[in-house]
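Hi,

Here is the structure I promised to send over. Could you open it next to this note while you read?

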Amino acid sequence: PHTVHIQGIDSHIISPLCEKLKIKCLVGYHFWTNLLMMKNIPVVLLCSNLLLLLFTYTAISKLSAYDQFVRLLHESPLIHKGADMIGLLLPVTELIVVLLLFFERTRRIGLFVSLFLLVLFTLYVLYMVLFVADLPCSCGGVLNKMSWQQHVWFNFFFILLNLIALG
């Protein structure tokens with residue numbers, strides 16, 4: 001043949017053979033097959049990138065509606081006294097986590113810091129669910145639409161990702 005078209009898992013075998021035989025080779029990519037197999041994607045990197053996206057989104061959401069975020073922190077019975085400081089430090093800390101997760105050299109530190117923050121957030125949410133009747137939510141964006149119980153499960157999911165990445 002003049003051209004061989006291949007897709008899927010055997011491309012790493014056929015492609016070098018075509019190269020040796022000087023046959024033009026078109027290689028396709030089966031996205032779902034490779035994603036489900038996590039072929040060539042280290043699990044640590046996958047989990048880290050999902051955490052990176054989470055912390056990027058939450059920091060930007062807080063900063064883009066900063067006044068509302070701080071106002072809602074003032075309404076929280078647990079943290080209202082430190083609302084101004086938390087309002088500043090939390091998105092900054094989240095952005096630092098993003099930077100730590102972004103670079104391979106600092107990724108492990110970023111994973112520990114993100115795990116700490118996620119556990120802290122989860123404890124805060126659990127406290128709010130168990131002990132506070134009127135629950136102000138200071139989350140930004142689509143996270144604001146979740147119930148407090150959904151927040152808990154959402155956080156557990158990302159804690160699990162974090163633990164998987166830490167190995």
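Below is what turned up, starting with confidence and moving on to the cores and the aromatic rings.

A bit of bookkeeping before that. This is a predicted model, so local features need pLDDT of at least 70 and side-chain atom pairs count only at pLDDT 80 or more, while totals for chains, interfaces and linings use all residues. Residues are numbered from 1 along each chain as its sequence is written, and side-chain values use heavy atoms, with hydrogens and water left out.

On confidence: pLDDT is the predictor's confidence in each residue, from 0 to 100. The protein chain has a mean of 84, with 78% of its residues at 70 or more. Where pLDDT is low, the predicted coordinates should not be read in detail.

Now the cores. A nonpolar core here is a set of buried Ala, Val, Leu, Ile, Met, Phe, Trp, Tyr and Cys residues joined through side-chain atoms within 4.5 Å; buried means under 20% relative accessible area, exposed over 50%, and partly exposed in between (1.4 Å probe, protein chains only). The largest has 17 residues, and Leu51, Phe55, Val97, Leu101, Leu111, Leu118 and Phe158 touch the most other members. Helix 3 (43–64), helix 5 (83–102), helix 6 (107–131) and helix 7 (148–166) each supply at least two residues of this core. Another core, of 6 residues, lies apart from it and includes Tyr124, Val132, Trp148 and Val152.

Last, the rings. Rings of Phe, Tyr and Trp (its six-membered ring) pair if their centres lie within 6.5 Å; planes under 30 degrees apart are stacked, over 60 edge-to-face, and the rest tilted. That gives 5 aromatic pairs. Trp153 and Phe156 are edge-to-face, because their planes sit at 75°, with the centres 5.8 Å apart. Both are in helix 7, about one turn from each other. Trp153 is exposed at 63%, and Phe156 is partly exposed at 35%. Phe154 and Phe158 make a tilted pair, 4.9 Å centre to centre and 55° between the planes. Phe154 is partly exposed at 23%, whereas Phe158 is buried at 9%. Ring pairs also link Phe154, Phe157 and Phe158 into a cluster.

Cheers

Methods
Helix = DSSP H or I, 4+ residues; strand = E, 2+ residues; numbered from the N terminus.
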